[in-house]
Amino acid sequence: MKCDICGSRNARVYQKHTGRRLCDSCFLENVRNRVRLEAIRLGLGNAKKILLAVSGGKDSLVLADTISSFLDPGRLVAFNIMEGIEGYNRESQVKELERYLRDLGVELIGTSFKDGVGYSLDEIVRASQGRGLKISACTFCGGFRRKLINQAGRDVGADLVATGHNLDDEVQTIIINLLRGDVKKLVRVGDLPVKLSDKFVTRVKPLRKIYEWETTMYAYFKGFKFQETECPYISSRPTMRSKVRDLMYAIEDESPGSLLRILETYDKIAETVRRSSSLGELPTCRICGEPTSFGREICKNCELLISSGLLKSDL
Ligand SMILES: [Zn+2]
Ligand SMILES: [Zn+2]
C-alpha cells in the first residue's frame with residue numbers, strides 16, 4: 001500500500017486519528033510540522049534561549065530532534081539530571097545522549113540529585129522508608145526534577161523550559177487534576193501557562209499534541225538509541241495515573257482522536273478560566289526560597305526532606 005501523502009513510497013504507519021497510511025519520511029515530516037506549529041504557538045519562536053529538559057528517554061530525543069529542525073541549535077541548551085538510581089543511570093547513556101546532541105549542535109549540561117539536592121534518589125527513598133513513610137519514589141523524583149530544571153533554566157538565562165511530555169502524559173495529568181478538583185493546577189497545566197513568580201521559568205511542552213505511539217515510531221524510524229531499561233521504581237508509581245492511563249487507552253481505542261479532542265477542549269476551558277481569574281504571585285518557600293504552591297510556607301520538596309529526616313527545620 002502506498003503512502004497517502006506522497007503516493008510513491010510504501011506506507012509503514014497507520015495514523016488512526018487521521019485515518020491515513022504514511023511512509024516513514026512523510027510520517028517524520030508530519031510529526032515535525034505538528035511540533036513546530038505547537039512550539040510557535042507556545043512562543044518558542046521568540047525565545048532567545050530555551051532549556052530542553054532531557055533524560056535520554058525517547059521523548060527527550062524526539063524533542064531535541066524536532067525542535068532543532070526549525071530553531072537555531074545555538075539557542076538551545078539541553079539539561080540532564082542523574083537521579084542516582086542504582087542500575088538505571090549509567091555513564092554510557094549520558095555519553096550517548098551527549099554524542100547525539102553534539103551532532104545536532106545542541107550543548108548539554110547536567111547535574112545530579114547528589115549535587116543539586118544533597119542526596120541521591122536511592123538515599124532519599126531509603127531514608128523515608130527507614131522512617132516508615134510510604135511516599136513513592138516518583139513523588140520525590142518529580143518534585144526535585146522540577147526544582148532542578150527550574151534552577152537550571154534561571155542559571156542559563158532561559159526564557160522558556162521545554163519538556164518532552166507527550167499527548168498521553170498531558171491528558172492523564174488533566175484528567176487526574178479534574179478528578180481531584182484542583183482548578184489552580186488545572187489552569188497551570190494549560191497550553192499557555194501563567195507566570196506566577198519571577199523565580200519560575202515558564203515551562204512549555206512542544207510535544208503535547210503528539211501521541212506516545214508517535215514519539216515511539218519517530219524514535220524507531222530515526223534509529224535513536226535510548227534508555228529502554230525500565231526505572232526500577234516503576235512498581236511504586238502512583239496508581240491513579242496508571243488507572244487513568246488504561247481508561248484513556250480504552251477511550252482512544254474506541255474512538256480514535258479522543259485524546260486530541262480532550263486536550264483541545266481543555267485548552268479552551270483553561271483560556272476562559274485564565275481570563276476571568278487572578279491567581280496572584282506564588283508564595284516562596286521559607287527554607288529554600290523557591291516558589292511553592294498557594295497556601296504553603298514550606299515547599300513540598302523541603303517538607304519531604306524534613307519528614308524523611310534529611311533536613312533539619314527550626315521554623
Ligand atoms: Zn510518503
Ligand atoms: Zn523549599
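Helices (H or I, at least four residues) and strands (E, at least two) are DSSP runs, numbered from the N terminus. Helix H7 covers residues 167-180, and Gln172 lies in it.

This is a predicted model, so local features need pLDDT of at least 70, side-chain atom pairs count only at pLDDT 80 or more, and totals for chains, interfaces and linings use all residues. Residues are numbered from 1 along each chain as its sequence is written, while chains are lettered from A and ligands numbered from 1 in the order in which they are written.

Start with strand S4, residues 76-82. A residue is buried if 20 or more other C-beta atoms lie within 10 Å of its own, exposed if 12 or fewer, and partly exposed in between; C-beta atoms are placed from the backbone. Seven of the seven residues of S4 are buried, so the strand is largely enclosed by the rest of the structure. Both faces are covered: Leu76, Ala78, Asn80 and Met82 are buried on one side, and Val77, Phe79 and Ile81 on the other.

S4 pairs with two strands, listed below. Two strands pair if DSSP finds at least two bridges between them.

| Pair | Sense | Bridges | One bridge |
|---|---|---|---|
| S3 (residues 50-54) and S4 | parallel | five bridges | Val54 with Asn80 |
| S4 and S5 (residues 107-112) | parallel | six bridges | Ala78 with Leu108 |

How does the chain get from strand to strand? From S3 it passes through helix H2 (residues 58-67) to S4, a right-handed β-α-β crossover. From S4 it passes through helix H3 (residues 91-104) to S5, and this β-α-β crossover is right-handed too. Right-handed means that, with the strands pointing away from the viewer, the path from the first strand over the helix to the second runs clockwise.

**The cores**

A nonpolar core is a set of buried Ala, Val, Leu, Ile, Met, Phe, Trp, Tyr and Cys residues joined through C-beta atoms within 7 Å. The largest has 61 residues. Leu51, Leu52, Ala64, Ala78, Phe79 and Ala162 have the most contacts inside it. A second, separate core of five residues includes Ile287, Cys299, Cys302 and Leu305.

**Back to Gln172**

Is Gln172 buried or exposed? Gln172 counts as buried because it has 20 C-beta neighbours inside 10 Å. Two residues are in contact if their C-beta atoms, placed from the backbone, lie within 7 Å. Not counting residues up to four places away in sequence, Gln172 touches Arg241, Val244, Arg245 and Met248. Val201 is 29 residues from Gln172 along the chain, and their C-alpha atoms are separated by 23 Å.
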